[in-house]
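Please read it with the sequence and the structure open beside you.

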Amino acid sequence: MQRQTRAMERSNTMRREKRGLDPNESEEGQPEKKRPALASVIVEALKVDSLQKLCSSLEPILRRVVSEEVERALAKLGPAKINGRSSPKRIQGPDGRSLQLHFRSRLSLPLFTGGKVEGEQGAAIHVVLVDATTGHVVTSGPESSVKLDVIVLEGDFNNEDDEGWTQEEFESHVVKEREGKRPLLTGDLQVTLKEGVGTLGELTFTDNSSWIRSRKFRLGLKVASGYGEGMRIREAKTDAFTVKDHRGELYKKHYPPALNDEVWRLEKIGKDGSFHKRLNKAGIRTVEDFLRLVVRDSQRLRNILGSGMSNKMWDVLVEHAKTCVLGGKLYVYHPDDTRNVGVVFNNIYELSGLIAGGQYHSADSLSDSQKVSVIYYVWINMEFWSILR
């Protein structure tokens, strides 16, 4: 009986193996699909590998996009709901308004010790008290006429541009002078608002910023002691900036340069360097001289500077020179004694306009062909250039 059972098991096993090897049958007795060729398997494997590489390269981009979208969503929820933390003390005036001090002017950079702190283009530095809810300047009420202290802050204070700092956080980043040194900031260290607006007086740094951790300072504003009692007015801060030793000012470039600046104030022209000497030898001593030759004969100017001036350096140099604010000086050239026609040039000899029939036509109103005709006519009359010289 046992022999018969074992024989039946072997027979069943052989039938299962035979069925498994039969290419025309699957396990369920259905016809099996055709096996893929080796080449197609390799192609599919390569596709999978390329897809994996693509996903790996896209992952950091997708992470950043998702992060930005999450931040936007959290920002819409308001600071009180982010991370479950309560928002800092509201910055409010007596009537519940959210009050903030702001600098309305950017500083003129770079700054040097002993030099005057000014706004861009030498303008005054204005400050305002703003109702953050409406964005309007606060022009009435006791808070609109408070006195403010001007102080120096660490350059790395509030790098995240979080507007919710506390008074204690602000105070903890105030920078004082080094031991044995003069006060870090001298001059008019207070400003009084009038109808919510104030203007900083003369300010001067006595020390550079290289000795602190961030190597940069910020100017800050806070309500002076004895003013704004019972209210919280958020302090103001400028962007971070570097203060250099005044010895570097002797060689600094001007932004923008002035027409009467020495030519070495331009980018790529070092004081007493080879380019500076070559230009001086050719009679090009000021920015105005430089710009006039750019207009008249730029190739001659390139030849004067020599092969040491690369195309990239040349582009930077000319671009900086052209930021110069031109004066109102004009030249009028009359080609004949009748003076019926006059060609008008600015002080660097660029075409400004044309006088014809008793009327002035600006260069912008002339067609390109008219401009070419006028300039060509003047160029062939070399008397014009001899007069300008």
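1. Which residues does glutamate 154 touch, not counting residues up to four places away in sequence? Glutamate 154 touches His173, Val175, Ile212, Arg213, Ser214, Lys216 and Arg218, where a contact means heavy atoms within 4.5 Å.

2. A word on the basis of these remarks: this is a predicted model, in which local features need pLDDT of at least 70 and side-chain atom pairs count only at pLDDT 80 or more, while totals for chains, interfaces and linings use all residues. Residues are numbered from 1 along each chain as its sequence is written, and side-chain values use heavy atoms, with hydrogens and water left out.

3. The protein chain has 8 helices and 16 strands, these being DSSP runs numbered from the N terminus (helices H or I, at least four residues; strands E, at least two). Buried residues make up 31% of its 389 residues; buried means under 20% relative accessible area and exposed over 50%, with partly exposed in between (1.4 Å probe, protein chains only). Of the contacts with a separation of 6 or more, 58% come from residues 24 or more positions apart.

4. To return to glutamate 154, this residue lies in strand S5 and is buried, yet has no salt bridge, a term that requires a side-chain nitrogen of Lys or Arg within 4 Å of a carboxyl oxygen of Asp or Glu.

5. Leaving aside residues up to four places away in sequence, aspartate 131 touches Arg97, Ser98, Leu99, His136 and Val138. Its C-alpha atom is separated by 6.5 Å from that of glutamine 100, 31 residues apart along the chain. Strands S1 and S3 pair in the antiparallel sense over 5 bridges, with phenylalanine 103 opposite valine 127 in S3, and 4 of the 5 residues of S1 are buried.

6. The largest nonpolar core has 31 residues, of which Leu200, Phe205, Phe217, Leu219 and Leu221 touch the most other members; such a core is a set of buried Ala, Val, Leu, Ile, Met, Phe, Trp, Tyr and Cys residues joined through side-chain atoms within 4.5 Å. The elements that give two or more residues to this core include strand S1 (99-103), strand S3 (126-131) and strand S5 (147-154). Apart from it lies another core, of 23 residues, among them Leu279, Ala321, Cys324 and Ile348.

7. In helix H4 (residues 274-281), the buried residues are Phe275, His276 and Leu279. They lie on the same side of H4 because they cover an arc of only 100° around the axis, taken from the directions from the helix axis to the C-beta atoms. Lys277 and Lys281 are exposed on the other side of H4, whereas the cover over its buried residues includes helix H5 (287-305) and helix H6 (311-321).

Methods
Lys, Arg positive; Asp, Glu negative; His and termini not counted. Pairing = 2+ DSSP bridges.
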